[in-house]
Amino acid sequence: MNGLMKLADVTVKRGGATLLSGLNCDIRAGEVTVVLGPNGAGKSSLLLALAGLIPASGSIALLGKPLPDYRRRELTSHIAWQGDLPPTEFGLTVWQRLELAAGQGDRDVESTAAAMDIAALLHRPLGELSSGERQRTELAALMLRDTPLWLLDEPTAHLDLKHQIHCIQMLKSQRDKGRAIMTVLHDIQQAMAVADHLILIDGKGGAEYGEAHKLFESRKLTELFDAPLTQQGSALMPDYGDRK
Amino acid sequence: MRWFALIAAVALCLLLGLAAGEQWINPFAAGDGLEHMILWELRFPRLLTAFAVGGLLALAGAWFQVLLGNPLAEPYVLGVAGSASAGAVTGLMFMPESAWVMSAGAFIGAWIGIVAVMFFAHLGPNRMLLAGVVLAAFWSAVLALLLALLPEQGLFRAFSWMMGDLSHSDLPIPILLLAWLIALICGLILSSALDKLLLGERHAEALGVDVKKLRSSLLLLASAVTALAVTAAGTIGFVGLVIPHLMRLLFGSLHRAVLPASAIGGGLLLVLADSAARTIIAPAELPVGILTAIIGVPVFLFLLLRRTR
């Protein structure tokens, strides 16, 4: 597997507070790394730091070169980032949103929109769409960015079950095509379905990186989320208590 | 087709502007005497000034809206009109006879306002907007103080300037038209980055835009254009608010269309408003700012209602 990004002793801070420190990991082509942790632990901030959008201390090297040494424009050919839904005030249509992601290239906006099930919405303003439709638009915008590394912040947020499954399948198929993906997920089942590696951020400054099959363990995740999980066969399930 | 309609509307409004006034004159049948002089030495230069100032205000409005991430922002939102007015009234106070000193005062005042806002630019759009609103209140207070101290004979001149006045513009027309063209070209050069900024700062940065640099250039450009427009014609409201909004409805949100359409549409609105201002109570004139407000407020409220539906 090809090493794409290497993190050594990375510390991420926001507003003076240390969110996570001492993170070491290798992001390789053809692998999915899932970031798990409680709300506010620093998952999104980690992605922002890796996308070069906020500073981090320690060493982050992309293709052997320190991230801060890249020019902003240069980074865009290596990294695509999917984050919050963009604002809708200015009346951008779905087509225009996708065009902005595709840039000057001749990537096919229409076929990508069809793949994300938004072909019928192409000429509608983003403000007229539901959150789920806007999220699918953001995923289509991501697919138009043919970069070796994708950083995704909750790609299945707002999506209905069908599109959540579609999204996870899309991530797997992109991984199989050799793309490196790091994604924040909240659903343990989705994480188990797609993760090769995990980064666990505990919200107390600690971060652990390892192979997914070693870290998917009920005691560890129960501790991480401070929430009850039970092992059912090979699956970890949230324990919602009895039906009655 | 929409572009053709816009250009045709400009041609039509320029003809109407030439014809309208205290005395209606057919531009195609004017003789060589007085009518010729009224058409080409009085009305035509004023129409060009109105067109350039309207276009500059609309461009500045479009830029401020993107800069502040708020489609309801306008060129005077950060208090530049207040500081320019305070500068103009100061000029009037010291040299009441000289229109040139008043314009110079407005220009210096506008830049003092811009520099004051620049101190808050690093705080991001929301806080900068808040700082602008507070600064605008401050400049209003300064202006009220200056008006209280202004000799009575200067008050009419001050008020007419504060409500927009194209009759005393001292800036050479070629400079205004050149500024219109340069502003439009600068806007078009930045248009792709501006489009990405519509997605928010993070998304724009992730798409390769140097947001900090873009925001500084945009603030400087929009402020300079506002300072020039306010120096040429006093404070004329609503052109910079309504036109970019309307052009987005007609031409879509991407700036390669919104900016040229606004530069032309702003000019069109001010030509129309100024022609009406010269005609309605002729031989007297209404301040053009009153008419842009009378046209602009209902249009704006209509757009606002349309947005909330």
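How accessible is Asp117(A), and which class does that put Asp117(A) in: buried, partly exposed or exposed? A few friendly notes on this predicted model follow, starting with that residue.

1. Asp117(A) has a relative accessibility of 35%, so it counts as partly exposed; the class runs from the 20% limit for buried to the 50% limit for exposed. Asp117(A) sits in the loop that links α4 (109-115) with α5 (131-143) of chain A. Please look at its backbone too: phi is positive, at about 65°, although Asp117(A) is not a glycine.

2. His158(A) is worth a look as well. This residue is not a glycine either, yet has a positive phi of about 70°. His158(A) is found in the loop between β7 (149-153) and α6 (161-176) of chain A. With 47% relative accessibility, His158(A) counts as partly exposed.

3. Next comes strand β8 (residues 180-184) of chain A, which is mostly covered, with five of its five residues buried. Ala180(A), Met182(A) and Val184(A) point one way from the strand, while Ile181(A) and Thr183(A) point the other way.

4. For its partners, β8(A) runs parallel to β3 (residues 32-36) of chain A, joined by four bridges, and Thr33(A) stands opposite Met182(A). β8(A) is also parallel to β7(A), with five bridges between them; here Trp150(A) stands opposite Ile181(A).

5. The loop holding His158(A) leads from β7 to α6.

Notes
Residues numbered from 1 in each chain as written. Chains lettered and ligands numbered in written order. Predicted model: local features only at pLDDT ≥ 70, side-chain atom pairs only at ≥ 80, totals over all residues. Heavy atoms only, no water. Helix = DSSP H or I, 4+ residues; strand = E, 2+ residues; numbered from the N terminus. Buried < 20%, exposed > 50% of the residue type's maximum accessible area, 1.4 Å probe, protein only. Pairing = 2+ DSSP bridges.
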